[in-house]
Amino acid sequence: MKSTLPVLALCVLPAFAQPAAPTMDEFVEVSAKVNHFMGTAFVAKDGKVLLDKGYGFADIELNVPNAPGNKFRLGSITKQFTATAIMQLQERGKLSVTDPACKYLDPCPEAWKPVTIHHLLSHTSGIPSYTNMPEFMKPNFMRVPLTPLEIVMLSKDKPLEFQPGEKWNYDNSGYILLGYIIEKVSGEKYANYVQSHIFFPLGMNDSGYDDPRQLIMQRAYGYSLGPGGGYLNAYFIDMSLPYAAGSLYSTTADLYRWDRALYTEKVLSRKSWEAMTTLVKSSYGYGLMMAAMAGHKQIGHGGGINGFSTYIARFPDDDAVVIVLSNVESGNATAVARGLAGILFGEKVEMPKERKQISIDPKLLDRYTGTYTNDKITVNITAQNGHLFEQLTGQPRLEIFPYSDHQFFMKVVDATFDFETANGARSPAITLRQNGATISLKRAD
């Protein structure tokens, strides 16, 4: 029998179109609203700039908005410039990465004698990092200027964490020692060396060693989040302390000049660049990490320092770069960079979502208290007056807030804690999610 339905009947039901993918600008705007991101974001591909914009404020108190020309502390993005300086000096025959570090350090702890410059560059020396010492987190300690040698010597009486080359552990002390070696071999101050041999040749005129006493035009001020989510001025840190591990400042435009230069031999030979980007351990080379992002080969590094969060992601196979500089230490530049990379490469990217704090029975909190660990991270969970707190080793105690009866989130950092439930018994494990990484921790007590 022939249908009597009109042809239009096939089209009268509503079509459920897929929601449009967010633009890069929309993604950063939502990150600013939900995750307190402030700063600048830059994306380019094939030499074409796709995003170059400021978000939030460079100076909240004076109501000065962020703009692409603002200068931000880089934190550990500094390390790739320190590694570049070492490789330049090797090219000039001034040193070799196979040299013992003790060749340039006198007196040198006996335990450090097997440590080479290669180990320092790749975080495989085993020297304990001074930034992991509990006293480093105290505001009074961070106000005291120290020489590079004094910083290195903070670790001299501590045993090596492992035999050099055996394992990988992120080590700021190693990069302080590299800065000291640069000065000793070149005869120049670290700040002057990177300015003269890297920044000046590349026209990176808005980059340098940050000194709060100097007048630096368009400098962004650094902020942290208070317990209630409002902004606070970040704790002061004397810039002698991060030194060759995290002292530099720059702009997105200058870091784009850096990205462009790495496709040439203006400041570094191809042989040296290949050495820097050769994996040693734990996806790390020399001052750079090699880990896929958005399904594409990525060479990059993040940075975190009082008041600032940063990330540069280079995609050499795609001639693309993503640069995110935030003047909020919990601005999670890595997450913003990852989202921008996903949009750039056509991946499905979820917009940041605001978590709503709920009320739960305080009796549940006792199930979650205790010590949880894996082979790299230990976290202590404590309860006080109906509130739950977490504390990573060497870091301050921070409150975490429930958004379900067993899931908690942080307000000052984009991180969640998912406690495994066990029929009313104490939780045997936690899943920690932060910066796109998932970390499993088991109860140790």
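Helices (H or I, at least four residues) and strands (E, at least two) are taken as DSSP runs and numbered from the N terminus. The model is predicted, and local features need pLDDT of at least 70, side-chain atom pairs count only at pLDDT 80 or more, and totals for chains, interfaces and linings use all residues. Residues are numbered from 1 along each chain as its sequence is written, and side-chain values use heavy atoms, with hydrogens and water left out.

The chain contains 10 helices and 21 strands. Its C-alpha trace spans about 95 × 55 × 50 Å along the principal axes. The radius of gyration, taken over C-alpha atoms, is compared with a globule rule of 2.2 Å times the number of residues to the power 0.38. For 445 residues a compact globule would have a value near 22 Å, and the 24 Å of the chain agrees with this.

Residues are classed as buried under 20% relative accessible area, exposed over 50% and partly exposed in between (1.4 Å probe, protein chains only). Of the 445 residues in the chain, 51% are buried. Accessible areas were computed by the Shrake-Rupley method with a 1.4 Å probe, and for residues only the protein chains shown count as cover. The chain exposes about 21200 Å², of which carbon and sulfur atoms supply 54%.

A contact is defined by heavy atoms within 4.5 Å. Among contacts between residues at least 6 apart in sequence, 61% join residues at least 24 apart. For charges, Lys and Arg count as positive and Asp and Glu as negative, while His and the chain ends are not counted. The place of a charge is NZ of Lys, CZ of Arg, CG of Asp or CD of Glu. The mean positions of the 43 positive and 44 negative charges lie 2 Å apart.

Rings of Phe, Tyr and Trp (its six-membered ring) pair if their centres lie within 6.5 Å; planes under 30 degrees apart count as stacked, over 60 as edge-to-face and the rest as tilted. This rule gives 19 aromatic pairs. One of them joins Phe81 and Phe199 edge-to-face, at 5.4 Å centre to centre and with 70 degrees between the planes. The pair links distant parts of the chain, with Phe81 in helix α2 (residues 78–91) and Phe199 in helix α6 (residues 190–199), 118 residues apart. Phe81 is buried at a relative accessible area of 0%, and Phe199 is buried at 1%. Phe408 and Phe419 have ring centres 5.6 Å apart and planes at 85 degrees, so this pair is also edge-to-face. Phe408 belongs to strand β18 (residues 407–409) and Phe419 to strand β19 (residues 415–419), 11 residues apart. Both of these residues, Phe408 and Phe419, are buried. Together with Tyr368 and Tyr372, Phe408 and Phe419 form one aromatic cluster.

Helix α2 also holds Gln80, which is buried with a relative accessible area of 2%. Not counting residues up to four places away in sequence, Gln80 touches Trp258, Met276, Gly287, Leu288, His301 and Ile312.

Two buried methionines lie in loops. Met133 is placed between α3 (117–121) and α4 (148–152), and its relative accessible area is 6%, which counts as buried. Beyond residues up to four places away in sequence, Met133 touches Leu154, Ser155 and Lys158. Met133 and Asp254 are 121 residues apart in sequence, and their C-alpha atoms are 33 Å apart in space. Met293 is found in the loop between β10 and β11 (299–305) and is buried at 4% relative accessibility. With residues up to four places away in sequence not counted, Met293 touches Gln298, Tyr311, Ala313, Phe315, Ala337, Arg338 and Ala341. Most residues other than glycine have a negative phi, and most peptide bonds are trans. The peptide bond from Asp106 to Pro107 is cis, with omega near 0 degrees, and Pro107 is found in the loop between α2 and α3. Ser283, although not a glycine, has a positive phi of about 65 degrees. Ser283 lies in the loop between α9 (270–276) and β10 (289–290) and is partly exposed at 31% relative accessibility. Asn385, also not a glycine, has a positive phi of about 50 degrees. The loop between β15 (378–384) and β16 (387–392) holds Asn385, which counts as exposed at 70% relative accessibility.
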